[in-house]
Amino acid sequence: MGMDSQHEAMNNVENGDSKSLMNKGLSKGRTPQNVSSSILRKKSDPVLVSKVRFKMVRQFLANLQEVILGTKLAVLFPAIPLAIVADFYNFGRPWIFALSLLGLAPLAERVSFLTEQIAYFTGPTVGGLLNATCGNATELIIALFALHQNKIHVVKYSLLGSILSNLLLVLGTSLLCGGLANIKKEQRYDRKQADVNSLLLLLGLLCHLLPLMFRYASGIETSTAVYTLQLSRASSIVMLIAYVAYIFFQLKTHRELFDSQEDDEEDEKAVIGFWGAFTWLVGMTIIIAVLSEYVVGTIEAASDSWGISVSFISIILLPIVGNAAEHAGSIIFAFKNKLDISLGVALGSASQISMFVVPLSVVVAWTMGIDMDLDFSLLETGCLAFTIIVTAFTLQDGTSHYMKGIVLFLCYIVIGACFFVHKIPVSETTVNLGVEQSSGVLNA
């Protein structure tokens, strides 16, 4: 029995007759992020599985091979147990931070893979909704643990860094590499999807600017912490409503705008059954939660040991590692002159962070009794504003060349250099935030 027939038999045992489901084109529920990260997947060697006689054991080993060895980032999986051992034996906290950061890279790609496998059995709408909400699960989990430890500055820095990384680093390198690889071809893409994401990003920027402008417009002597907090919470609800409308727009009314890039993915089939993928997804999420707690708890120690500011680690390093698989896949598709997928990855991830993860963090902090607002301070909000404006101008004509990629990439380098020298002590930041919020509550 060959490899394909073994996989088919095991899938039928676990899920019944799943072949009919997989042949209905349900992969149309995939997002560009899933399509991009799939470029790093590989087929594992089935020799060990074929020698096992028991069905349950053979099925488990087959799923283990697909999940653990089915990615080119599998070489980073040993960092996960090393991080746990380092924490158990109280090794240096910078080592725990570095190992946890490395371990998050393959886990983020595997979550994308597992949600895609589930989408084969749930249909395009539910699958697309699952992909749209789990596409940045790593960033969301890190944000929740940072909120639990009352490290609001880490939450804001990491989420801001994810937006900047997607719009400048990912999109910039994709346009640069794609332009150089196809220098004699005209590179074109569908402007409609880019326009929708640009509008969402501009709406998110407005919601970030209003609390900042309100604080400055009210005067330095006036305590505005309570009112800024109320405005931020109201704006977050508006942003979540806009994101729900975007999901409905993407999956229902204008689905053809987002399905056009998946023409060559029709022949793919699920390699793991529904319940197997669901079980692995829960396990991966738990491991991500453990490593995220390590990252949040040791980020200040790593900053002090390495002589690098917390803002630089959160804004530059965390997003690069957390989205490494999507980033690499986006660049590879740009080499193949498939810019619709590359743009879908960069703009889709940035929109999801801006309009879903950021406002959800504010609402969750609200329920936890933590005062988190949308005021990301002047420097951070200014970088976000210029990033969105430059990106919108870059994508306005529907064509691309390597010069656009160079400009976006250099913008990211300049912003990275800015936060590299932006070394405000964390203790000072925390104290100032606490004094400002306390005075605001007393005056209210």
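This section describes the helices, the nonpolar core and selected side-chain arrangements of a predicted model.

The protein chain contains 20 helices and two strands. Of its 444 residues, 54% are buried. Among the contacts in the protein chain with a separation of 6 or more, 85% are accounted for by residues 24 or more positions apart.

The largest nonpolar core has 99 residues, and the members that touch the most others are Phe97, Leu114 and Leu343. Helix α10, spanning residues 152-181, supplies the largest share of this core, with 14 residues. For Leu114, the contacts beyond four places in sequence are Val67, Ile272, Ala277, Trp280, Leu281 and Met284.

Eight aromatic pairs are present in the structure. In one of them, the ring centres of Tyr243 and Tyr246 are 6.0 Å apart and the planes meet at 45 degrees, so this pair is tilted. Tyr243 and Tyr246 both belong to helix α12 (residues 225-253), where a spacing of three residues separates them by about one helical turn. An α-helix has 3.6 residues a turn, so residues three or four places apart point the same way. Tyr243 is buried, as is Tyr246.

A pair with another geometry is formed by Trp275 and Phe278: the ring centres are 5.9 Å apart and the planes lie at 85 degrees, so the arrangement is edge-to-face. Trp275 and Phe278 are three residues apart in helix α14 (residues 274-306), about one turn of the helix. Trp275 has a relative accessible area of 53% and is therefore exposed, the cut-off for this class being over 50%. Phe278, at 38% relative accessibility, is classed as partly exposed. Elsewhere, Phe88, Tyr89 and Phe91 are linked into a cluster by ring pairs.

Helix α14 also contains Ser303. The relative accessible area of Ser303 is 8%, so this residue counts as buried, since buried means under 20%. With residues up to four places away in sequence left out, Ser303 touches Ile308, Ser309, Val310 and Ile313.

Charged side chains also sit over aromatic rings. The charged end of Arg110 is placed over the ring of Phe113, at 4.3 Å from the ring centre. For Lys336, the charged end lies over the ring of Phe333, with a distance of 5.6 Å to the centre.

The buried residues of α19 are Lys404, Gly405, Leu408, Tyr412, Ile415, Gly416 and Phe419. These residues cover an arc of only 110 degrees around the axis, and they therefore lie on the same side of α19. Among the elements that cover the buried residues of α19 are helices α10, α15 (310-322) and α18 (377-394), together with strand β2 (399-400).

Terms used:
Residues numbered from 1 in each chain as written. Predicted model: local features only at pLDDT ≥ 70, side-chain atom pairs only at ≥ 80, totals over all residues. Heavy atoms only, no water. Core = buried A, V, L, I, M, F, W, Y, C linked by side-chain atoms within 4.5 Å. Buried < 20%, exposed > 50% of the residue type's maximum accessible area, 1.4 Å probe, protein only. Helix = DSSP H or I, 4+ residues; strand = E, 2+ residues; numbered from the N terminus. Contact = heavy atoms within 4.5 Å. Phe/Tyr/Trp six-rings, centres within 6.5 Å; stacked < 30°, edge-to-face > 60°. Lys NZ or Arg CZ within 6 Å of the ring centre and 35° of its normal. Arc of directions from axis to C-beta.
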